[in-house]
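Please look over the structure below before reading on.

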Amino acid sequence: MGQWEKASCCLNKKIQIIEKIAVNTEAQCRFIHRREMNGLKRTLAERDVLIWKLIAINEELSSDQTWKRMGKLKSIIQDITHKEQEIMDRSRQIIQEAVIERARIAAELRNSKAQRQVKSQYINPWVIMMSGRHINRKG
């Protein structure tokens, strides 16, 4: 396999992995809004595996830098750079949405805790009035 073919093959694998990461990122967004933590954990584990594969491909590409001088691969490299930037921007948005969702969940929990405390500390005035009713029967 020639140097160009090897680099082209690695770059195509990289594009495929980046597209999978993009799909995974959108799935994370859906799970955050639905508050499905099991699905979110699964997608994060899948993303971790994809990132390790991407690291392996980057190491393979960095072992020989001569492929960067080939003009035929510049369009693929630009495409990869563009897609990586899109994923990074989308990931930042999703993290911000996750922080907002976490704040909403915390507010809901605080609200329900306050309601529980109000209910548990409520003293029924009828119970107090009814407790003294036996005094008149005996007397």
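Which residue takes a positive phi just after helix 1? Arg 35 does, with a phi of about 60°. The model discussed here is predicted. The protein in it has five helices and zero strands, and the notes below are grouped by topic.

**Overall make-up**

- Read along the sequence, the elements follow the pattern α-α-α-α-α.
- The protein has 139 residues, and 23% of them are buried.
- Among contacts with a separation of 6 or more, 79% are between residues 24 or more positions apart.

**The residue after helix 1**

- Arg 35 lies in the loop between helix 1 and helix 2.
- Arg 35 has this positive phi although it is not a glycine.

- Helix 1 has 32 residues, and its first and last C-alpha atoms are 47 Å apart.
- That span is close to the 46 Å expected for helix 1 at 1.5 Å a residue.
- Helix 3 covers residues 74-120, which is 47 residues.
- At 1.5 Å a residue, helix 3 should span 69 Å, and this agrees with the 68 Å between its end C-alpha atoms.

**Helix 1 against helix 2**

- Helix 1 covers residues 3-34 and helix 2 covers residues 37-62.
- Their axes come within 9 Å and cross at roughly 160°.
- Angles over 145 degrees count as roughly antiparallel, and helix 1 and helix 2 are therefore roughly antiparallel to each other.
- The crossing of helix 1 with helix 2 is left-handed.
- The residues of this contact are 16 nonpolar, six polar and nine charged.

**Helix 1 against helix 3**

- The axes of helix 1 and helix 3 are 10 Å apart, and the two helices pack at an angle of about 15°.
- Angles under 35 degrees count as roughly parallel, so helix 1 is roughly parallel to helix 3.
- Helix 1 and helix 3 also have a left-handed crossing.
- In the contact of helix 1 with helix 3 there are 13 nonpolar, four polar and nine charged residues.

**Buried residues of helix 3**

- Which residues of helix 3 are buried? They are Ile 76, Ile 80, Ile 87, Ser 91, Ile 94 and Glu 101.
- These buried residues pack against helix 1 and helix 2.

**Ile 18**

- Ile 18 is found in helix 1.
- Is Ile 18 buried or exposed? Its relative accessible area is 3%, so Ile 18 is buried, the cut-off for buried being under 20%.
- Leaving out residues up to four places away in sequence, Ile 18 touches Leu 54, Ile 80, Lys 83, Glu 84 and Ile 87.
- Ile 18 and Leu 54 are 36 residues apart in sequence, while their C-alpha atoms are 8.0 Å apart in space.

Note on methods
Residues numbered from 1 in each chain as written. Predicted model: local features only at pLDDT ≥ 70, side-chain atom pairs only at ≥ 80, totals over all residues. Heavy atoms only, no water. Axes fitted to C-alpha atoms, helices over the stretch in contact; angles between N-to-C directions. Helix = DSSP H or I, 4+ residues; strand = E, 2+ residues; numbered from the N terminus. Parallel < 35°, antiparallel > 145°, perpendicular 65-115°, else oblique. Left-handed = near helix turned anticlockwise from the far one by under 90°. Nonpolar A, V, L, I, M, F, W, Y, C, P; charged D, E, K, R; others polar. Expected span 1.5 Å × (residues − 1). Buried < 20%, exposed > 50% of the residue type's maximum accessible area, 1.4 Å probe, protein only. Contact = heavy atoms within 4.5 Å.
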